[in-house]
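User: I would like to learn how to read a few features off a model. Can we take them one by one, general idea and then the case at hand?

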Amino acid sequence: MIQAKHCDLCKFPKRDLKNGLTCALTNKKPDFNVSCLNIKFSDSFKEYLPELLNQIEKIKKRRNSVNLKSILLGILGLIIIFGNYPLLKRAVEAKYEYWFYSYFLDTLLFYIIGVGLISMAFSSINKYKKDLEILECEKREINEILKNYKLDIESLLKTK
């Protein structure tokens with residue numbers, strides 16, 4: 001068990017370079033197995049909990065807009081890519097004159113734009129998932145610690 005996680009939620013952690021993490025009440029290193037008998041949850045932790053829950057809710061509310069944006073970008077990218085296929089085919093089959101070379105480069109540029117739009121669509125979804133997972137993981141870790149004290153986030157918020 002990592003006692004430091006418990007101490008991060010408490011009012012009494014004391015850290016210094018010489019001794020590391022110690023309890024300000026006992027002036028000793030944390031030595032409990034499951035839960036600390038002296039823990040008093042800090043006010044900053046109790047203030048952080050509603051912020052964490054609000055951030056999770058804000059991200060969850062963005063889900064539809066992120067999905068819509070990703071779908072639109074993906075479709076637009078595919079339209080550009082497949083719409084340019086006949087032009088690219090014509091440019092490749094053409095005689096190698098300067099204007100055909102320029103035409104080929106322009107067509108290739110549209111392909112690059114299409115692929116860029118599709119990658120933007122996927123990166124938007126990945127960023128949403130990553131942001132949500134980070135906050136959900138933090139919430140799970142806090143709940144795991146609070147479970148040792150027979151509490152959960154909601155009950156702790158009520159005892160403010």
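Analyst: Start with the aromatic cluster: ring pairs join F41, F45 and Y149. Rings of Phe, Tyr and Trp (its six-membered ring) pair if their centres lie within 6.5 Å; planes under 30 degrees apart are stacked, over 60 edge-to-face, and the rest tilted. This is a predicted model, where local features need pLDDT of at least 70, side-chain atom pairs count only at pLDDT 80 or more, and totals for chains, interfaces and linings use all residues. Residues are numbered from 1 along each chain as its sequence is written, and side-chain values use heavy atoms, with hydrogens and water left out.

User: How many aromatic pairs does the rule give?

Analyst: Two aromatic pairs. F41 and F45 form a tilted one, with 5.8 Å from centre to centre and 35° between the planes. F41 and Y149 also have ring centres 5.8 Å apart, but their planes stand at 90°, so this pair is edge-to-face.

User: Which parts of the chain does the pair of F41 and Y149 link?

Analyst: Distant ones, 108 residues apart. F41 sits in the loop between β2 (20-23) and α2 (43-61). Y149 sits in the loop between α5 (98-147) and α6 (153-158). Helices (H or I, at least four residues) and strands (E, at least two) are DSSP runs, numbered from the N terminus.

User: Are F41, F45 and Y149 buried or exposed?

Analyst: First the scale: buried means under 20% relative accessible area, exposed over 50%, and partly exposed in between (1.4 Å probe, protein chains only). F41 is buried at 10%. F45 is buried at 5%. Y149 is buried at 15%.

User: What is the element order along the protein chain?

Analyst: From the N terminus it reads α-β-β-α-α-α-α-α. That is six helices and two strands. Buried residues make up 30% of the 160 residues.

User: How do I read contacts?

Analyst: Contact means heavy atoms within 4.5 Å. Among contacts with a separation of 6 or more, 69% are between residues 24 or more positions apart. Take E136, in helix α5. Setting aside neighbours within four places in sequence, E136 touches I56 and K60. Why does E136 count as buried? Because its relative accessibility is 16%.

User: And C-alpha distances?

Analyst: H6 lies in helix α1 (residues 3-9) and is buried at 3%. H6 and S35 are 29 residues apart in sequence, with 7.9 Å between their C-alpha atoms. E154, in helix α6, is partly exposed at 40%. E154 and L49 are 105 residues apart in sequence and 9.1 Å apart, C-alpha to C-alpha. T26, in the loop between β2 and α2, is partly exposed at 36%. T26 and N38 are 12 residues apart along the chain, and 9.2 Å separates their C-alpha atoms.

User: How is a pocket found, and what volume does the largest pocket have?

Analyst: Rolling a probe the size of a water molecule over the atoms shows where empty space is left. On a 1 Å grid over the protein atoms alone, a pocket is an open set of points where a 1.4 Å probe fits, with protein on both sides within 12 Å along at least five of seven lines. Grid points are joined across faces, edges and corners, and the volume is the space filled by probe spheres set on the points. Here the largest pocket has about 250 Å³.

User: Which residues are closest to the centre of the largest pocket?

Analyst: C23, P30, F32, C36 and N38, out of 17 lining residues. Lining means having an atom within 4 Å of a point. The lining divides into 10 nonpolar, four polar and three charged residues. Ala, Val, Leu, Ile, Met, Phe, Trp, Tyr, Cys and Pro count as nonpolar, Asp, Glu, Lys and Arg as charged, and the others, Gly among them, as polar.

User: How many disulfides are there?

Analyst: A disulfide is a covalent bond between the sulfur atoms of two cysteines. The test is a pair of cysteine sulfur atoms within 2.5 Å. The count is zero.

User: What about backbone angles?

Analyst: Most residues other than glycine have a negative phi. K150 is not a glycine, yet its phi is positive, about 55°. K150 lies in the loop between α5 and α6 and is exposed, at 77% relative accessible area.
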